[in-house]
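Let's take a walk through this model together.

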Amino acid sequence: MKYANRMNQMTASEIREILKVTEQKQVISFAGGLPDPELFPVNEFLTAANYVLKESGSQGLQYSTTEGFEPLRMQIANRMNSKFQSQITKDDVLIVNGAQQALDMSGKLFLDKGDLIVCESPTYLGAINAFRTYECRFISVLTEDEGMSLSHLEETLKAHPDIRMIYVIPDFQNPTGRRWSLERRKRFMDLISCYDIPVIEDNPYGEIVFDNQIFPSLKKWDKNNQVISLGTFSKIFCPGLRVGWISASQEILNRYILLKQSSDLHTSNLSQRQISKYLELFDIEVHIRKLILAYRNKRDIAVSAIKKCFPADIKYTMPEGGLFLWIELPESWSSRELLEVCIKENVAFVPGEPFYPNGEKKNAFRLNFSNADEEKLKEGISKMGGIIGRYHSASMSETI
Ligand SMILES: Cc1ncc(COP(=O)(O)O)c(C=O)c1O
């Protein structure tokens, strides 16, 4: 069979492959980016879902507009304005099938074969895979604790005047858990306002914040309407309904609407109405506060287990939000090799290499702390500590 050339770029997501192994009961998995299912508000959702079916079931089961369910778009605009200091209305919001669809559509909208895209180093593996379908090339710009390195970004923008898109995750990034500082956000926007390039700001984790400080969206400083903000209910509510959104200027949003129309007509009308009803009947802020307490506790358990069980020179991030920790092993190590040993001992994580679009580094890995229960967190990290300790002693004796 002859397939389109773009299929040559596509490989099975490494995470999906690892998740297959980790479905076995005995494996303690820190691999997926899964929220804790114990925290899904199932009963409240049942009330909202039934309400919709009883009150407007036949409308909910009908085709709908591409833009999305108007009351939900309004609720999203209000939440974005109050949480992230943007100034948008329902007309600036398009509902999509999760932020993942927005990533795919962004590639479709901005990237032709061979085009250059700038992203952080490392960055979200699912975005790399989505953009890669459009046969683009990646330039990774170093991400420091404070955010993207602006000197490196400026050099890159000057050296490549044909860059077509910039993709960033300023809040509790997947995979590192880092959050850009306020200062870095402002300076980033000052810099990119000198270039006519769209910026995709992907923000699934910005509300899962452990230190009570929600930082503004890049849109706050967006004088030229360059920023396209992506949001989702996946991490603050549940991923199974597949409801996310794109917020951008009218000119850009109209093009996304055209793409969505020709792709899937609209996001599930029923899911949108049910989420909207949930937001109307219940206080999602109460639910989010519950998530924050639970995930902060798990972050603390994970970090103290790492401190106790990992050799002292292994570096790790201390995220103030989100679902992930990023661990850096000594330069010469391969986290893929480490994973093979860990899986034999029934513990799993995602190796770092696929988060670098050009495969720059092999010695880091991502650890998800939201999904496992507290006992499994301690047990799994202690097992990994034992394995890393053995590697560590072996590599020390090689250097001596
Ligand atoms: C940075 C980032 N963007 C997008 C997504 C996809 O989110 P959604 O479930 O809304 O498609 C994820 C999911 O983990 C993510 O981490």
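A residue counts as near a molecule here if one of its heavy atoms lies within 4 Å of it. Of the 13 residues around the ligand, the nearest are Asp 202, Tyr 205, Thr 232, Ser 234 and Arg 242. Before going on, keep in mind that this is a predicted model, where local features need pLDDT of at least 70, side-chain atom pairs count only at pLDDT 80 or more, and totals for chains, interfaces and linings use all residues. Residues are numbered from 1 along each chain as its sequence is written, and side-chain values use heavy atoms, with hydrogens and water left out.

What does the shell around the ligand look like by class? It has five nonpolar, five polar and three charged residues. In this scheme Ala, Val, Leu, Ile, Met, Phe, Trp, Tyr, Cys and Pro are nonpolar, Asp, Glu, Lys and Arg are charged, and the others, Gly among them, are polar. Helix α4 (residues 98-110) gives the largest share of the shell, three residues. Helices (H or I, at least four residues) and strands (E, at least two) are DSSP runs, numbered from the N terminus.

Now look for polar contacts, meaning pairs of N or O atoms within 3.5 Å; within protein, one must be able to donate a hydrogen and the other to accept it, and residues adjacent in sequence count only if both atoms are side-chain atoms. Thr 232 has a polar side-chain atom 2.6 Å from an oxygen atom of the ligand. For Asn 174, a polar side-chain atom lies 2.8 Å from a ligand oxygen, while Gln 100 brings a backbone N or O atom to 2.9 Å from one. The protein covers 93% of the 400 Å² of accessible area that the ligand has on its own (Shrake-Rupley method, 1.4 Å probe; for residues, only the protein chains shown count as cover).

Pro 175 sits in the loop between β6 (163-168) and α7 (182-192). Another cis bond links Ser 121 and Pro 122, with omega about 0°, and Pro 122 lies in the loop between β3 (116-121) and α5 (125-132). For context, most peptide bonds are trans.

Finally, find the open sheet of four strands, ordered β10-β11-β14-β13 with antiparallel pairing (strands pair if DSSP finds at least two bridges between them). β10 (315-316) and β13 (350-351) are at the edges with a single partner strand each, so one side of each has no neighbour in the sheet.
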